[in-house]
Structures are given as structure tokens and as C-alpha cells.
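This report covers a few local features of one protein model. The sequence and structure come before the notes.

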Amino acid sequence: MYENSPAVESVLDELTRRLLADSQSEPSDPALESTEDAPKDIERQLDELVAQVHGAFPADDVQFDEAMIRDNLEELLLVLIALHGETHGKELISALTSLFETQLSPGTVYPTLHELEEADVLSMHAKVRTKEYSIADEAYVRATVEQTMVQHLAFGLLLYAVLPRL
């Protein structure tokens, strides 16, 4: 093990501690929030979560490359939609761009949204000029996101275990 690298347990403990601290903070009163400010508040919360993840790792340059975003697009869209409650494709593309500094085309994002809708995971509500998506199958979303999280953590732990042998 490298001298300057933290134990995996300490990284996971730090992430858990920070997430628990956030979840125990005073929830805002939805009646006091204007609907115009809701997307900005969600973006702020997402920025804070990404900053916490970055802060929990010893490396200053933790980045999510575009291939990883594409490979996990379904899960990322589900998380963003769950956080927004109801949102449209353009807003999702904007969130992906600002959070992960990646430029995904509508031709990449919209087919995934349509597949999730056809699978009854998402509900689509046609508005005058756009389509709003919301979660229709919360159990599927939770299971999918949890399975992806466990896979990524297990893969990261495997890579971490191999490092001393290199």
C-alpha cells in the first residue's frame, strides 16, 4: 500500500459521514420555495454532492470521463430525474454538462429516456413545447442505482487491492 494513500475504509467512512450529516440537516420547507428556484436548488445540491465525493478522495483531479458517463447514462438520468421530480431532456443534458463537464448530444440522451419510458420506468407528460419525465417505478430505480453503485465500489476495491502489486 502506498504511504500517502488512505485506507479504503477511511474514504468510505468519510463519504458516509458527510452524506449522513447532509441528510440530517434541516429540510427546507417546499411551500417556501418558488417553483422557479427549484431547479437551481437541485443543481446546487448536486454540485455539493459532487464536491463531497471529490473532497473524500485523496486525489485533487478526480474526474468522470465521458465514456463513464455514457456507460452509466441510464443510472445518471434516473438519479437526476428522481432529484428533480419532473424534468425535461434539455434540463437533463444541461445538468450532465455542468456536473460532469461532458457534452452529450440529444441523440444520445433522448433514446435512453424513450427506452426507460417504454419499459415503464419513467412517465412522460406532454407539455405545450416539451415532454416532462418523472419516475414511474421507484423500486426499479432504487435497485438499478444500488446495483450500479455496488459494482463500481467492488471494481474500485479490486483495482485498489492490485495497486501494491504494480
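## Basis

The model is predicted.

## Packing of H4 and H5

Helix H4 (residues 73-84) packs against helix H5 (residues 89-100) at an angle of about 110°, and their axes lie 11 Å apart. Since 65 to 115 degrees is the range for this class, H4 is roughly perpendicular to H5.

On the H4 side, the contact involves Leu73, Leu76, Leu77, Leu80, Ile81 and His84. These meet Glu91, Leu92, Ala95, Leu96, Leu99 and Phe100 in H5.

## Salt bridges

The count of salt bridges comes to two. One joins the side chains of Arg70 and Glu66, at 2.9 Å from N to O. Both residues belong to helix H3 (residues 66-71) and are four residues apart, about one turn of the helix. Arg70 is partly exposed, with a relative accessible area of 40%, and Glu66 is partly exposed at 32%.

The side chains of Lys127 and Glu86 also form a salt bridge, at 3.7 Å from N to O. Lys127 is in the loop between strand E2 (122-126) and strand E3 (131-135), while Glu86 is in the loop between H4 and strand E1 (87-88), so the pair ties together parts that are 41 residues apart in sequence. Lys127 has a relative accessible area of 44% and is partly exposed; Glu86, at 32%, is partly exposed.

## Nonpolar surface patch

Phe155, Leu158, Leu159, Val162, Leu163 and Leu166 make up a nonpolar patch on the surface, with about 590 Å² of accessible area together. Leu166 is in the segment after helix H7 (138-162). Leu166 counts as exposed because its relative accessibility is 76%, and the cut-off for exposed is over 50%.

Definitions and conventions
Residues are numbered from 1 along each chain as its sequence is written. This is a predicted model: local features need pLDDT of at least 70, side-chain atom pairs count only at pLDDT 80 or more; totals for chains, interfaces and linings use all residues. Side-chain values use heavy atoms; hydrogens and water are left out. Patches are made of residues with over 30% relative accessible area and no salt bridge: like charges are joined within 9 Å, nonpolar side chains (Val, Leu, Ile, Met, Phe, Trp, Tyr) within 5 Å. Accessible areas come from the Shrake-Rupley method with a 1.4 Å probe; for residues, only the protein chains shown count as cover. A salt bridge is a side-chain nitrogen of Lys or Arg within 4 Å of a carboxyl oxygen of Asp or Glu. Helices (H or I, at least four residues) and strands (E, at least two) are DSSP runs, numbered from the N terminus. Buried means under 20% relative accessible area, exposed over 50%, partly exposed in between (1.4 Å probe, protein chains only). Axes are lines fitted to C-alpha atoms, for helices over the stretch in contact, and angles run from 0 to 180 degrees between N-to-C directions. Angles under 35 degrees count as roughly parallel, over 145 as roughly antiparallel, 65 to 115 as roughly perpendicular and the rest as oblique. Contact means heavy atoms within 4.5 Å.
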